[in-house]
Amino acid sequence: MEQLELRGLLCRIDGPSVVDPQLVAECKTYREVVRLCWDKRKVKNMTKAMLAERAGLYASHVSCYLSKDDTQRDLPAGGIRGFEKACDNTAISQWIAMNAKLTPVEEMQFIRRAA
């Protein structure tokens with residue numbers, strides 16, 4: 001009998017998943033981590049219009065948030081929670097925490113809450 005691997009089954013049920021910290025650390029700008037959050041979304045066939053609806057954002061602004069052009073508008077702070085919830089990951093929050101240079105204890109507390 002073939003044994004099933006549990007790694008894929010062990011994930012958060014009550015909230016967005018944590019993204020690999022190495023990937024988050026590679027992001028140099030806020031815009032890059034917003035795109036990472038989008039790239040790591042669970043629903044791969046989600047359109048930008050669907051993202052806007054699920055996150056409570058203006059549909060016409062979502063393309064700006066995901067643009068590589070730094071002159072475009074950024075995802076506002078008030079939209080982070082909805083954006084992460086819609087994409088089902090916490091990449092943006094993780095990046096903000098990393099850039100806040102939290103102490104190891106604060107970081108451990110964050111990871112425990114995120115797990």
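Helices (H or I, at least four residues) and strands (E, at least two) are DSSP runs, numbered from the N terminus. The model shown is predicted, so that local features need pLDDT of at least 70 and side-chain atom pairs count only at pLDDT 80 or more, whereas totals for chains, interfaces and linings use all residues. Residues are numbered from 1 along each chain as its sequence is written, and side-chain values use heavy atoms, with hydrogens and water left out.

**View A. Helix α6 and the residue that follows.** In α6, Ala91, Ile92, Gln94, Trp95 and Ala97 are buried, that is, under 20% relative accessible area with a 1.4 Å probe and protein chains only. Just after α6, Lys101 takes a positive phi of about 55 degrees.

**View B. The largest nonpolar core.** This set of buried Ala, Val, Leu, Ile, Met, Phe, Trp, Tyr and Cys residues, joined through side-chain atoms within 4.5 Å, has 25 residues, and those with the most contacts inside it are Tyr30, Val33, Leu51, Leu75, Phe83 and Ile92. Two or more residues come from each of α2, α3 (48–55), α4 (59–65), α5 (80–87) and α6 (91–99), with α2 giving the most, at 6 residues.

**View C. The aromatic pair.** Tyr30 and Trp95 form a tilted pair, 6.3 Å centre to centre and with 50 degrees between the planes; rings of Phe, Tyr and Trp (its six-membered ring) pair if their centres lie within 6.5 Å, and planes under 30 degrees apart count as stacked, over 60 as edge-to-face and the rest as tilted. Because Tyr30 lies in helix α2 and Trp95 in helix α6, the pair ties together parts that are 65 residues apart in sequence.

Terms used
Buried < 20%, exposed > 50% of the residue type's maximum accessible area, 1.4 Å probe, protein only.
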